[in-house]
Amino acid sequence: MSDKIAYSRHGDIAVLSVRNPPVNALSQAVRQGLWDGMDRAEAETGVRAVLIVGEGRAFFAGADITEFGKPPLDPFLPDLINRIEASPLLVVASMHGVSLGGGLEVALGCHYRIAVPSARVGLPEVHLGLLPGAGGTQRLPRLTGVEAALDVMTTGRQIGAAQAHKIGIIDVVQDGDPTQNGIAYAEKLVAEDALRRPVSEMPLPTPIDWDAAFDATLTRSKGQISPAWCVRAVQAAYDGDFAAGLKAERQIFFDLMQTDQRKGMIHAFFSERAVGNLPELKGVEPRSIAHVGVIGGGTMGAGIATAALLAGLRVHLLEMTPKAGEAAHGRIAGNLAGALKRGKINADQHSAMLDQALQVVTEYDALSDADLVIEAVFEEMAVKKAVFAELDRVCKPGAILASNTSYLDINEIAASTSRPGDVLGLHFFSPAHVMKLLEVVVADQTAPDVAATGFALGKALGKIPVRAGVCDGFIGNRILSTYRTCADHMILDGASPFEIDAALEAFGFAMGPFAVADLAGLDIGWAGRKRKRAEGLDPRARDVTYADKLCEAGHFGQKTGKGYYDYADGPKARVPNPDVLPLIEAERAAQGITPRTFTVDEITRRYMAAMVNEAAKVVGEGIARRPLDVDMTLLFGYGFPRYRGGPLKWADIDGLAGLLSDIEGYAETDPYFWAPAPLLCQLVADGQTFDDVNKKG
Ligand code: CAA
């Protein structure tokens, strides 16, 4: 038998213990081991029941995702589960940790299920662009009814043991050791002469309006198709017998396996985990962080302080005056009240955070004991340097000094202190207690353990930390600035902001770039344009000024009620601001441009080409270590659709040669903006992809 399964006997119970760390993924060896274990239990005399239990952290985390996209290996999971269910012996699953995807499907193939209270179950296949493909869509509704089953499989969310018991997935919830619990439960069932209880033989619950459910799910999942296909797979249960339903489910599973969405989502799954695994940080011990200082209590500073409090850290927040301090305290209290309301923390934790862990101060000396200080003050080099001079004066040796700047030169900031090795950038995204992305900006002299601490802090705060090098805008804002410029060029040439937003939202972005600008505040982009003009624009660069006129008129987007859109009826009820198109037309006239029409495809193509080209430059220059670091930056900070995997995964799937050829075509009219990235040219010449670069590490 496979060494992934330990077989033992406890009287008339045969125990199959799964040993496939870290999370008992159902690899081929595990499937074979379970199959052989069932054979052995059935062949041995005196066995009346089989217990399946996981060793280590979990029952099963599901199919082995590393096997996806490769030829399927025998024994196939659906066959194994059918074989378990068809056993003449009683089969019991004892669940702890997670039982996800194929893992829950194995449990559904067993005749009885017991779980510890901390166990969690779910069918997260939709997060991989798939659906439950080993009978989950056919068995789960028979236990829970259609609505509850569709909720579990279309959202992919995990539910706790108590809830799973309530809706009929788990028979018994009991604290204790999973193996001992399982054996005792199996013995009890045997003693009671309990009957085998194959879920596949249970009657189907009341059907629902399938078309309405399909349409509603498709709308909810914003372009992602696999959740809606869960509806069709469940519907198939009603078109024939159980075997026919399984066959239909399998067909949909294989069809989804072929999709680009599946490729994108599996890339996102592994990249999300790889992003924090940097060779240079292997074996580097991070400094310990229990006490954090935050300078500045505006939206960003208050958000950072909230994130630190939620992670259980002690926080000193520094403001310049008691009045500003009071306002900052109010913002943090508001954020924590939201966390309390959403059930992220309980009332005791809430008051401990607000009344004990947080202190608002107005003197730098109060930061002398902090392990790490993050400044979130005004974006001006002179202001930042003044802050860092104070920090240099008061902070204890070994304290880490971090800037939340979104584009300023961290090397220059670091050089203004006597301890540049302790300085790094920690670039949060607003609202900082919600947004997952954290750019860890490693400057020339940042010590390795300081960089490692940035990553450790990011993980402690529940963020996705991405390593970035120093340049204007780091990874994310630099790429954003380029694709935004591309959008502005299209506007000069004839497209409207509203057409561009609609095209990109149809592509899958949460919001188009102009709606995003309205949300962030148009003053931010305005300040950036003024700064760049003051530094001197390249004479070959096209300048775009119509947006400045909106700002000059006091329209900064949502916060003033008007920007590209009018928000008179609230932030969600945006309508195009009628002042915008005349401003654009005036600028076109002033620049002597005859507008032309842009199709949705051309808008998307140019926008994505600009994004990918700049991203390739960012990777080529070493600002991002690997293409996957760019992909995760755009996914977690910029609303890029997860099901496309990220811009560079999208480019790989779309084809790099075609993209480069389009960029070269665009460059004929604007060679400055569309200069192809050397890395992109190199990959096309070598017939390689961005994923090949990822694999080099
Ligand atoms: N297959 C292969 N590897 C897996 C895996 C899986 N199903 N699940 C997790 N891993 C790996 C991770 O890649 C990671 O590897 P590294 O240490 O090399 O990076 C390791 O196991 C630990 O995972 P995490 O770092 O994510 O640990 P965690 O404790 O934070 O989370 C988890 C554990 C909740 C199981 C999480 O990993 C997870 O959600 N896994 C995916 C579960 C899933 O989607 N299952 C469905 C699979 S599809 C399916 O089953 C289809 C079907 O119907 C046949």
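1. A word on the model before anything else. It is predicted, so local features need pLDDT of at least 70 and side-chain atom pairs count only at pLDDT 80 or more, while totals for chains, interfaces and linings use all residues. Residues are numbered from 1 along each chain as its sequence is written, and side-chain values use heavy atoms, with hydrogens and water left out.

2. Start with the overall layout. The protein chain is assigned domain 1 (5-258), domain 2 (289-468), domain 3 (482-494 + 596-697) and domain 4 (502-595); such bounds come from an automatic or database domain assignment. Between the centres of domain 1 and domain 3, taken over C-alpha atoms, there are 41 Å.

3. Now a six-stranded sheet. This open sheet runs E1-E2-E3-E4-E6-E9 with mixed pairing. (Strands, E, at least two residues, and helices, H or I, at least four, are DSSP runs numbered from the N terminus; two strands pair if DSSP finds at least two bridges between them.) Strand E1 (5-10) and strand E9 (172-173) are the edges, each pairing on one side only.

4. Look inside that sheet. Five bridges link strand E3 (residues 49-54) to strand E4 (residues 90-95) in the parallel sense, and Ile-52 has Ala-93 in E4 as its bridge partner. Helix H7 (residues 178-191) lies across E1, E2, E3, E4, E6 and E9, at about 150° to E4. For such angles, axes are lines fitted to C-alpha atoms, for helices over the stretch in contact (heavy atoms within 4.5 Å), and the values run from 0 to 180 degrees between N-to-C directions.

5. There's also a three-stranded sheet, open and mixed, in the order E5-E7-E8. Strand E5 (98-100) and strand E8 (159-160) each have a single partner strand, so one side of each lacks a neighbour in the sheet. Strand E7 (residues 120-122) runs antiparallel to E8, joined by two bridges, with Val-121 opposite Ile-159. Helix H3 (residues 102-109) packs on this sheet, touching E5 and E7, and its direction makes about 90° with that of E5.

6. Finally, the ligand. It is surrounded by 24 residues, the closest being Arg-57, Ala-61, Gly-102, Glu-105 and Arg-273; a residue counts as near if one of its heavy atoms lies within 4 Å. Polar contacts are pairs of N or O atoms within 3.5 Å. Ligand nitrogen atoms are 2.8 Å from a polar backbone atom of Ala-63 and 2.9 Å from one of Ile-65. A ligand oxygen is 2.7 Å from an N or O atom in the Glu-105 side chain.

Notes
A polar contact is a pair of N or O atoms within 3.5 Å; within protein, one must be able to donate a hydrogen and the other to accept it, and residues adjacent in sequence count only if both atoms are side-chain atoms.
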